[in-house]
Amino acid sequence: MKTNILFFVFVAALFPVTGHAAAACSKANLTRCLDSACAINISSNAAARCQYCGTSSAGTPPTKKGMQSLSVGASSKNTLTEKELKSAPTDPGERYAWATAQCIAKLGGTCTTDDVADTYDTLIEQSCKAAGVTAQRDSARASLKKTVTSASCKTDITACLIADKKCGADYSACEDDTVFNNYFSACSVEATGCDQYLSSIREGLITARDDAVKNADVLLASIVKSYQDKRTAKLNAAQKGCENNEARDLCVETICQNNMRNKCAIGFESEKSAAVQFCTFYDTACNTIKSSIAASEELAKKRLDEI
């Protein structure tokens, strides 16, 4: 129950106060802030943004400790501190929503959720693409064998072919047959004792390349849609919580039941008053949501009129 209340606060904060709309948003500072929650150890893990703030389909980050600590030497001026990150959700969709709220607040409300989407969604998409192919590359390299057989030759040549400086794990650099053939020939030379298997291996790798190229866009779209759907669901839940003051009333009920000695019973109006006062932040959050939705609708109407 408490977790749901706290998360609502995070998501509700995603909607910026319209009074800050005129201020310029620094995309560099916004990226720096979001990276401190979503791109931990990005230099050694290209899939970090997707794993932390994209989708669980991309797999979990290398260490749990990394979920709560900044990279060494990171500045805290425009980044989330280690203490702040201890409150970060581990679910990628929830973490992205949480980081968005935190960073908009840290940058003084000069940025909006639209700025976050324009600035960071593409970075997550790129990371998700890396996440989709990393497992394939690592699996091939980990299964290298010393014995020269058809299987070991295929493994050796595949590992060589999909190296970052050749075709790449997603074969994107080898869509052209000439490029593919040149790299395959170079890898075949390195695979000593595999001459008798080269024809069948080449045929299989061409099929693998064609499938990878064909499915790359499908895979990326699936991963991106997954985290976008989660993010939309969280935003919808926040808006629903504002209807008829449901979220605020639930907050008051929870505080009374869990924190008040007499459960705010009749005759203990002071407890009920304290609970209501504690939960007034929902009124602020919901008013912000309503104002932001109205502003977004007005902007959309203006853009349509300009077309």
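Predicted model: local features only at pLDDT ≥ 70, side-chain atom pairs only at ≥ 80, totals over all residues.
A disulfide is a covalent bond that links the sulfur atoms of two cysteines. The structure holds ten disulfides, and three of them are described here. One joins Cys-33 to Cys-103, with a distance of 2.1 Å from S to S. The torsion about this S-S bond is about -90°, so the disulfide is left-handed. Because Cys-33 belongs to helix H2 and Cys-103 to helix H5, the bond ties together parts that are 70 residues apart in sequence. Both Cys-33 and Cys-103 are buried.

Helix H2 comprises residues 27–38.

A second disulfide is formed by Cys-160 and Cys-187, whose sulfur atoms are 2.1 Å apart. Its torsion about the S-S bond is about -80°, so this disulfide is also left-handed. The pair links distant parts of the chain, as Cys-160 lies in helix H7 (residues 150–161) and Cys-187 in helix H8 (residues 177–190), 27 residues apart. Cys-160 has a relative accessible area of 12% and is therefore buried; Cys-187, with a value of 2%, is buried too.

Cys-251 is found in helix H10 (residues 246–259) and Cys-279 in the loop between helix H11 (269–278) and helix H12 (281–306), so the bond ties together parts that are 28 residues apart in sequence. Both cysteines, Cys-251 and Cys-279, are buried.

The structure also holds four aromatic pairs. In one of them, the ring centres of Tyr-96 and Tyr-120 are 6.1 Å apart and the planes meet at 45°, so the pair is tilted. Tyr-96 lies in helix H5 (residues 92–106) and Tyr-120 in helix H6 (residues 113–142), 24 residues apart. Both Tyr-96 and Tyr-120 are buried. In another pair, the rings of Phe-278 and Phe-281 have centres 6.0 Å apart and planes at 85°, so the arrangement is edge-to-face. Phe-281 is partly exposed, with a relative accessible area of 28%. Together with Tyr-282, Phe-278 and Phe-281 form one aromatic cluster. A further contact involves a charge: the charged end of Arg-209 sits over the ring of Phe-180, 5.2 Å from its centre.

Key. Residues numbered from 1 in each chain as written. Heavy atoms only, no water. Helix = DSSP H or I, 4+ residues; strand = E, 2+ residues; numbered from the N terminus. Expected span 1.5 Å × (residues − 1). Phe/Tyr/Trp six-rings, centres within 6.5 Å; stacked < 30°, edge-to-face > 60°. Buried < 20%, exposed > 50% of the residue type's maximum accessible area, 1.4 Å probe, protein only. Lys NZ or Arg CZ within 6 Å of the ring centre and 35° of its normal. Disulfide = S-S within 2.5 Å.
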